[in-house]
Amino acid sequence: MQVLVTGVAGFIGFHLADRLLQLGFTVHGIDNLNGYYDVNLKKDRLAQLSNRNRTGFTFQLLDLSNRAGMLELFETRHFDCVINLAAQAGVRYSIENPHAYVDSNLVGFVNLLEGCRHSAVPHIIYASSSSVYGINPKIPFSTSDNVDYPISLYAATKKANELIAHTYSHLFKLPTTGLRFFTVYGPWGRPDMAYFKFVRAIDSGKPIDVYNFGDMQRDFTYVDDVVEGIVRLLDHPPCTGASPSKAPYKVYNIGNNTPVLLSRFIKVIEAAMGKKAQLNLLPMQPGDVPMTFADVDDLIQDIGFQPKTTIEEGIERFVQWYRLYYRSY
């Protein structure tokens, strides 16, 4: 099976490609290796893919917003499934640099869908985000909830991805599956994420910024659980009639279904590191939400899977990786 993974040098893309290669898939990965965070970390992930799996993996430096490059990609290669994990990430950065989100998350996504449409790709899976729920008052968050009120541009682009995907599913019968990820963490993670910043600061004896005075809850989801969900969905493309509009279109939550208070999360990190944190308590930042909580009933019903890694297990693995990785520098 030939699979295209976009954002392959990214956190989730790297873990997914590694798992697919272990399962015997042929993976073509693309990434633009942008400088949003440490490019060396992205290159090291790619090196891991090449070293661990010497056959079945090819990499191409390509930006989704490059229309000509995307056109050539789909004209020269055949894919049985496309998994789009490429995006400009970050809620707060979207306030500072909105154009990066339009170029990558909107223009790039349309280029990808056009390629899939014209080459009749049987199934496209794409990353959405729990951010689309905004300040949704209903708990837990269900894919049937109204998500018309995003509170960051990042969230708005992810909501737009879902709408655009539905249009392509409806007009061209292109099976699309959107995945609303809930605070993914784990080894080889993104340095801009709170847990990574906490570990780095605690390790170096610096204070950590704790927003909303620690009174926030997040549905932390371990990366291996996210990958397992994607792998199980590969051969479950939505059929015609899967959505109220009868289009082959589906959206799932992938979350741990167990919100954790930020203050408790920090204590788990302290336990894993054997070191206390210095807390710099701050008010809520623009674009943040007080709580995320995934309803995963659809995921359980359709593929028999529910994320279940505890934060104690997941953080212990991340801290072990962090110490090993940065010891080599």
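Biologist: Which elements do the buried residues of H7 pack against?

Modeller: They pack against helix H1 (11-22), strand E7 (184-185), strand E8 (208-210), H9 and helix H11 (311-327). Helices (H or I, at least four residues) and strands (E, at least two) are DSSP runs, numbered from the N terminus. This is a predicted model, where local features need pLDDT of at least 70 and side-chain atom pairs count only at pLDDT 80 or more, while totals for chains, interfaces and linings use all residues. Residues are numbered from 1 along each chain as its sequence is written, and side-chain values use heavy atoms, with hydrogens and water left out.

Biologist: Which residues of H7 are buried, then?

Modeller: Tyr195, Phe196, Phe198, Val199, Ala201 and Ile202. Buried means under 20% relative accessible area, exposed is over 50%, and partly exposed is in between (1.4 Å probe, protein chains only).

Biologist: And at what angle do H7 and H9 pack?

Modeller: Helix H7 (residues 194-203) and helix H9 (residues 262-273) pack at about 45°, with axes 11 Å apart. Axes are lines fitted to C-alpha atoms, for helices over the stretch in contact, and angles run from 0 to 180 degrees between N-to-C directions. So H7 and H9 are oblique to each other; under 35 degrees would be roughly parallel, over 145 roughly antiparallel, and 65 to 115 roughly perpendicular, with the rest oblique.

Biologist: Which residues make that contact?

Modeller: From H7, Tyr195, Phe198, Val199, Ile202 and Asp203, and from H9, Leu262, Phe265, Ile266, Ile269 and Met273. Contact means heavy atoms within 4.5 Å.

Biologist: What follows H7?

Modeller: Gly205, with a positive phi near 75°.

Biologist: Last one: where does Asn136 lie?

Modeller: In the loop between strand E5 (124-129) and helix H6 (153-172).

Biologist: Buried or exposed?

Modeller: Asn136 is buried, at 15% relative accessible area.

Biologist: What is Asn136 in contact with?

Modeller: Phe141 and Asp145, leaving aside neighbours within four places in sequence. The side chains of Asn136 and Asp145 make a polar contact at 3.0 Å. That term is for a pair of N or O atoms within 3.5 Å; within protein, one must be able to donate a hydrogen and the other to accept it, and residues adjacent in sequence count only if both atoms are side-chain atoms.
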